[in-house]
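I opened this notebook to keep track of what I looked up, one topic at a time. The entries below follow the order in which I went through the residues and elements.

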Amino acid sequence: MTLLTRRTLLATAAAVPCLAGAQPAERRFAPQPGDWRSFDLTLDVEVPVAKGTTKLWLPLPDLDTPWQQTDGHRFSGNAGQLRLVADAPRGVRMLHAEFAPGVERPRVSVTSRVRTRSRAVDWSARSAAKEDPAVLRGALAATELLPLDGIVKTTAQEATRGARSDLDKVRGIYQWVVAHAYREPKTRGCGTGDIKSMLESGNLGGKCADLNAIFVGLCRASGVPARDVYGLRVAPSAFGYKELGANSASLKGAQHCRAEVFLAGHGWVAMDPADVLKVMRQETPEWIKDPAHAVAAPVMAGLFGSWEGNWVGYNTAHDLRLPGRAEQGTLPFFMYPQGENAEGRFDDLAPDAFRYTIAATEIKA
């Protein structure tokens with residue numbers, strides 16, 4: 001199997017002319033673990049008109065990892081009930097607000113203090129990485145939108161043909177996703193992650209919840225533990241890639257999910273083929289079709305094993321349930337504020353109608 005390395009990608013990129021005909025300036029994307037950054041992440045929600053009992057469920061950054069720590073949450077509002085709740089089987093905590101029918105303009109605000117930093121795997125160093133067997137079983141399981149049989153299994157076999165190790169399998173799947181899928185800017189929100197439908201239709205266009213879900217599903221179908229990590233961009237990229245960062249003053253459209261795989265000797269390793277495809281589609285005026293292009297190559301290499309600390313993760317859950325929700329069923333993932341009233345569920349992808357805003361303030365030492 002052809003090895004994907006930073007050296008070979010950058011060497012190839014140097015020989016590829018810019019799509020517009022001129023050689024672009026050399027680009028760099030190489031996140032490395034370093035100092036922690038602290039952010040106050042504030043989510044404000046207001047429901048314009050109260051119609052019966054109003055309920056809200058708000059995602060919280062609630063991860064404790066070597067690359068992210070949460071230092072607490074502060075919340076306020078005019079809800080009769082305002083408390084932290086959880087989908088216990090999936091370990092996801094959230095803020096739940098319930099407003100009595102007579103409350104005008106239900107509103108709630110939550111501020112989370114989060115510390116984050118960049119991460120990168122050292123491929124030359126191996127360690128006795130350990131993980132709870134139950135967590136690994138969960139990272140190998142099918143979900144409602146990530147089946148592991150049928151076309152998902154056969155596609156995984158195609159992507160990993162010739163692979164001799166889990167690392168080879170992951171590399172093959174990463175390359176397969178970048179080669180066969182593409183960023184579709186017209187997709188609502190971050191997509192749905194319905195990988196079976198995408199693979200059966202042959203339409204592999206979507207956004208991060210679609211593209212990284214394909215990666216995660218193919219890894220799981222190949223016997224490699226993998227999971228999506230749902231979160232939010234909170235600051236610009238330090239490497240000058242506009243599509244890999246966010247305007248911290250307005251983050252209501254900055255939701256982004258990433259991916260991780262568990263590899264023996266390395267533990268959980270960062271991955272993000274969806275952002276490679278985003279750079280290829282949107283970083284330059286013309287759609288970059290070759291990942292060896294000088295603009296895309298550093299990102300292609302960098303996001304195989306690392307990611308930048310300008311992003312905050314909420315959770316890693318699929319198929320979760322919102323405690324106290326009238327409408328039965330599960331959410332495929334929890335990355336957007338959720339709400340309902342007497343007329344039914346709110347459209348979580350319409351932040352102007354739902355009236356929620358998100359902002360991040362970096363806390364300087």
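**Conventions.** I am working with a predicted model, in which local features need pLDDT of at least 70 and side-chain atom pairs count only at pLDDT 80 or more, while totals for chains, interfaces and linings use all residues. I number residues from 1 along each chain as its sequence is written, and I note that side-chain values use heavy atoms, with hydrogens and water left out.

**Cysteines.** I searched the whole structure for disulfides and found 0, a disulfide being a pair of cysteine sulfur atoms within 2.5 Å. I then looked up C208, whose sulfur has its closest cysteine sulfur in C190 at 3.4 Å, which is too far for a bond. C257 is likewise in no disulfide, and the cysteine sulfur nearest to it, that of C208, is 3.9 Å away. For burial I use relative accessible area, where buried means under 20%, exposed over 50%, and partly exposed in between (1.4 Å probe, protein chains only). On that scale C208 is buried at 3%, and C257 is buried at 0%.

**Helix α6.** I take helices (H or I, at least four residues) and strands (E, at least two) as DSSP runs, numbered from the N terminus. I checked the span of α6, which has 14 residues and reaches 19 Å from its first C-alpha to its last, close to the 20 Å expected; the expected span is 1.5 Å times one less than the number of residues. Because 14 of the 14 residues of α6 are buried, I record this helix as largely enclosed by the rest of the structure. Just after α6, G223 takes a positive phi of about 85°.

Within the helix I picked L218, as α6 covers residues 208-221, and L218 has a relative accessible area of 0%, so I count this residue as buried. Leaving aside neighbours within four places in sequence, L218 is in contact with V152, T155, A156, I173 and W176, contact meaning heavy atoms within 4.5 Å. Of the pair L218 and V152 I noted that 66 residues separate them in sequence, whereas their C-alpha atoms are 6.4 Å apart in space.

**Salt bridges.** How many salt bridges does the count come to? I get 19, with a salt bridge defined as a side-chain nitrogen of Lys or Arg within 4 Å of a carboxyl oxygen of Asp or Glu. I looked at R93 and D62, whose side chains meet in a salt bridge at 3.1 Å, N to O. R93 lies in strand β5 (residues 92-99) and D62 in the loop between β2 (54-59) and β3 (68-77), so this pair ties together parts that are 31 residues apart in sequence. R93 is partly exposed at 36% relative accessibility, and D62 is partly exposed at 24%.

The salt bridge between D168 and R171 has its closest N and O atoms 3.1 Å apart, and both residues lie in helix α4 (residues 166-180), 3 residues apart, about one turn of the helix. An α-helix has 3.6 residues a turn, so residues three or four places apart point the same way. I recorded D168 as buried at 17% relative accessibility and R171 as buried at 9%.

R258 and D272 meet through their side chains in a salt bridge of 3.4 Å, N to O. This pair links distant parts of the chain, with R258 in strand β11 (residues 255-263) and D272 in the loop between β12 (267-271) and α7 (273-282), 14 residues apart; both R258 and D272 are buried. I also noted a network of salt bridges that links R37, E362 and K364.

**Strand β15.** In β15 (residues 338-341), Q338 and E340 point one way, G339 and N341 point the other way, and all are buried. Strands pair in my notes if DSSP finds at least two bridges between them. β15 pairs with β2 in the antiparallel sense over 3 bridges, and K55 stands opposite E340. With β16 (residues 344-345) β15 also pairs in the antiparallel sense, over 2 bridges, and these two strands form a hairpin with 2 residues between them. The bridge partner of N341 in β16 is G344.

**S118.** Is S118 buried or exposed? S118 is buried, with a relative accessible area of 16%, and is found in the loop between β6 (107-116) and β7 (119-120). A polar atom of the S118 side chain lies 2.9 Å from the backbone nitrogen of G309. Among the residues in contact with S118, leaving aside neighbours within four places in sequence, are P31, Q32, W307 and G309.

How values were computed: Polar contact = N/O pair within 3.5 Å; in protein donor to acceptor, adjacent residues only side chain to side chain.
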